[in-house]
Amino acid sequence: MTRGARKEGLSRRHRFAGRGAFVSALRSPRKLRGASSILHVLAGRPGQSRFGLALPKRIARRAVDRNRMKRLAREAFRRHAVKAAGLDLVIAGRQPFSRNEESRWVAEVRGLLDRVAGER
RNA sequence: GAAGCAGGCCGGACGGUCGCCGUGCCGCAGUUGCGGUGCGGAGGAAAGUCGGGACUCCACAGGGCAGCGUAGCGGGUAACUCCCGUCCGCCGUGAGGCGAGGAUCAGAGCAACAGAGACGAGCCGGUUAAGUCCGGGUGAAACGGGCAAUCUCUACGCGGAGCAACACCAAAUAGGCAGACGACGACGCGGCCCGCCGAGUCUGCGGGUAGGUGGCUUGAGCGCCGCGGCAACGCGUCGCCCAGAGGAAUGACCGUCAUAGCCCGCAAGGGCCGUAACAGAAUCCCGCUUACAGGCUUGCUUCACAC
């Protein structure tokens, strides 16, 4: 069994597959509030956390900004220890995002992931 | 040299580490996969979705009406509301710019203010043989026309929906159809056989959802050169293959060098900042429109200076 993911990889195993796969995580009672977003947590497959983002157009009108947020958040998850915790994680954006907040957004995502990792 | 006009082009480069998507090869795994390695991986607008096509499915004898679109003339194109040439009108000293630029003896309609009267001819004053001639403050326009982006007429064009199109594969659940079995159940007055009904069980079939695959990137393609053409563009030789995701990859970090900006210096130069505007492919093309830090470049105009 060569299941072992590479140390810093982030492939499809760590994503949600299929339409509506987010829904169960979004309905989960475990939530962590950040400054501009909410992290939903649900128990998933052991050893492989999954990570997803729900960013409505309301938060970032332009496609570039939404892409940017996703990429930055994924990068944070990729390097984070929760990746092996076996949790389904979905970050739902709440507050509008503007372009000069990139570093703030990364810090927020890291903070949320730290809190989940610390809780267990 | 200073102002300006019209185009064309670029819109960081190189390297390293860690990742993501696609794909060729190799190895492992009876498949899904996993690992290694090579190669490819956002834009000039990918945007708005405004015109036009290709491609699918649906509809369709032929013709007309209605509706919509276009409008000097000629050309280009698969096609267009696009592009090129040219005429006319207006604007500009000029290079140039702008223009829905066919028709109002086929017909209808034309606001407000002013004015006696506004699309109909009459009215008022003077004059004459005679509606014969002259004038009428106003107003953009007053007897003669104007407006067709008001309807209309003429000519030409136009079927509808869209890749979430469409084609194929295909769980689970509910229901449909067919067949088999079928309770010590119902009916044939009772029992057995038999027939028939039958909850249910099994099998098969078809529709169909989730899901999957195809469509999906080689094309009105790109580059060089030659030829034809004032040009748009066309033809030909040779070379090239240039993203294909799918809740949606193209990212993060770090060096070096250049660019803009800022500071020091007479200068050579040094230092600071740290990649910068608009913005992220979604079936594919041709256009148009809109957004845009900074930079390169071609032709031309006017003015000034010099010879």
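**Terms against values**

Colleague: Which exposed residues sit on the face of α3 turned away from its buried side?
Modeller: That face carries Ser103 and Gly118. Exposed means over 50% relative accessible area, buried under 20% and partly exposed in between, with a 1.4 Å probe and protein chains only. Before we go on: this is a predicted model, where local features need pLDDT of at least 70 and side-chain atom pairs count only at pLDDT 80 or more, while totals for chains, interfaces and linings use all residues. Residues are numbered from 1 along each chain as its sequence is written, chains are lettered from A and ligands numbered from 1 in the order in which they are written, and side-chain values use heavy atoms, with hydrogens and water left out.

Colleague: What makes α3 a helix, and how far does it reach from its first C-alpha to its last?
Modeller: Helices are DSSP runs of H or I with at least four residues, strands are runs of E with at least two, and both are numbered from the N terminus. Residues 102-119 give α3 18 residues. Its reach is 26 Å, close to the 26 Å expected at 1.5 Å a residue; the expected span is 1.5 Å times one less than the number of residues. For α2, with 16 residues, the reach is 22 Å and the expected value is 22 Å.

Colleague: Which residues of α3 are buried?
Modeller: Trp105, Val106, Glu108, Val109, Leu112, Leu113 and Val116. They span an arc of only 160° around the axis, so they lie on the same side of α3. That arc is taken from the directions from the helix axis to the C-beta atoms.

Colleague: What covers them?
Modeller: The cover includes β1 (30-33), β2 (37-43), β3 (50-54), α2 (63-78) and β4 (87-93). For the buried residues of α2, the cover includes β3, β4 and α3. Contact here means heavy atoms within 4.5 Å.

Colleague: Why is Leu87 called buried?
Modeller: Its relative accessibility is 6%, and therefore Leu87 counts as buried. Leu87 lies in strand β4, and seven of the seven residues of β4 are buried, so that strand is largely enclosed by the rest of the structure. Leu87, Leu89, Ile91 and Gly93 point one way from β4, with Asp88, Val90 and Ala92 pointing the other way.

Colleague: Why is β2 described as largely enclosed by the rest of the structure?
Modeller: Because five of its seven residues are buried.

Colleague: How many bridges join β2 to β4, and do they run parallel or antiparallel?
Modeller: Seven bridges, antiparallel, and two strands pair if DSSP finds at least two bridges between them. Val41 has Leu89 as its bridge partner in β4, and Ile38 has Ala92. On the β1 side, four bridges join β1 to β2, again antiparallel, with a hairpin of three residues connecting them.

Colleague: And what about β3 and β4, how many bridges join them?
Modeller: Five, and these strands run parallel. Gly52 stands opposite Val90 in β4. The chain crosses from β3 through α2 to β4, and this β-α-β crossover is left-handed.

How values were computed. A crossover is right-handed if, with the strands pointing away from the viewer, the path from the first strand over the helix to the second runs clockwise.
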